[in-house]
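User: I would like to go through this model step by step. Could you show it to me, please?

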Amino acid sequence: MAKHKGSRRHGRLLAAGLGVTALAAAASVWTAQADTAGVRQPKARVSAPDVRPVAADIAHASDRGPRGVNITIDDGPDPAWTPQVLQLLKDSGVKATFCMVGTQAQAYPDLVKAVVADGHRLCNHTVSHDTTMDTKSEAYQSQQILDAERMIIKASGGVRSQYYRAPGGAFTPYSRQLAASRGMRPLGWNVDTKDFEHPGVDAMVATVKREITNGPTVLFHDAGGDRSETVTALREILPWLKQQGYSFGFPVR
């Protein structure tokens with residue numbers, strides 16, 4: 001998958017408080033099973049008995065079937081743009097999946113709770129959105145995923161992320177297995193609107209119309225800069241998708 005080039009700025013925002021890892025903080029151990037490629041088994045701490053492992057392959061499909069669409073929103077929450085996206089989704093009767101950066105969730109817990117209250121799903125997008133984490137150690141990958149998990153759970157009031165999206169698609173076999181062992185299905189995308197590059201509303205709408213037949217999972221952003229184009233594009237895209245006979249769902253787990 002293509003990297004989120006414009007989102008790399010998050011990769012430089014390594015939070016000062018990353019010293020605490022959930023690996024050492026939790027109460028019991030879940031050992032994820034190795035995949036068929038013989039990946040070394042990651043060991044993750046389970047903090048509650050409701051954590052159940054899911055498939056470790058990268059999901060793209062929709063739970064609404066072949067005419068389903070998954071709207072995914074990355075890098076927030078953001079105090080300027082997330083409320084606007086939420087209102088637009090509410091007005092359109094559409095549910096989405098919000099892939100949240102841990103430090104953003106920690107900074108804006110009320111927005112995390114608002115996302116949950118509106119019936120959307122949460123996705124772990126790591127602590128600091130480091131798009132090079134596929135080149136880093138397993139200990140670093142664990143820290144990024146598990147600390148973000150802890151931050152999002154706390155910010156949401158106890159709601160767990162159902163998915164894990166690697167920044168820029170920087171998945172590794174280890175990170176996929178680790179996330180899956182924590183009940184977070186690795187999540188890809190099929191249509192990249194490239195809204196982080198500010199291509200213009202018309203270009204974003206045209207991209208969705210042209211590429212939606214490639215698969216159902218569409219990528220937008222609600223943070224990382226001015227997202228006015230994203231809001232306007234969503235306002236055009238959502239009714240068009242409905243007119244084409246698509247329904248809105250969530251990625252498969």
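User: What does the secondary structure of the chain come to?
Analyst: The chain has eight helices and 10 strands; helices (H or I, at least four residues) and strands (E, at least two) are DSSP runs, numbered from the N terminus. This is a predicted model, in which local features need pLDDT of at least 70, side-chain atom pairs count only at pLDDT 80 or more, and totals for chains, interfaces and linings use all residues. Residues are numbered from 1 along each chain as its sequence is written, and side-chain values use heavy atoms, with hydrogens and water left out.

User: What pLDDT does the chain average?
Analyst: The average is 86, and 81% of the residues score at least 70; pLDDT is the predictor's confidence in each residue, from 0 to 100.

User: Where does pLDDT stay under 50?
Analyst: That applies to residues 1-49, for which the model has 112 contacts (heavy atoms within 4.5 Å) beyond four places in sequence.

User: Now the helices: at what angle do α4 and α5 cross?
Analyst: The axes of α4 (residues 109-117) and α5 (residues 138-156) cross at roughly 75 degrees and come within 8 Å. Axes are lines fitted to C-alpha atoms, for helices over the stretch in contact, and angles run from 0 to 180 degrees between N-to-C directions. Therefore α4 is roughly perpendicular to α5 (65 to 115 degrees).

User: Which residues make the contact?
Analyst: From α4 they are P109, V112, K113 and V116, and from α5 they are I152, K154, A155 and S156.

User: And how much of the chain is buried?
Analyst: Buried residues (under 20% relative accessible area, 1.4 Å probe, protein chains only) make up 56% of the 253 residues.

Key:
Angles under 35 degrees count as roughly parallel, over 145 as roughly antiparallel, 65 to 115 as roughly perpendicular and the rest as oblique. Buried means under 20% relative accessible area, exposed over 50%, partly exposed in between (1.4 Å probe, protein chains only).
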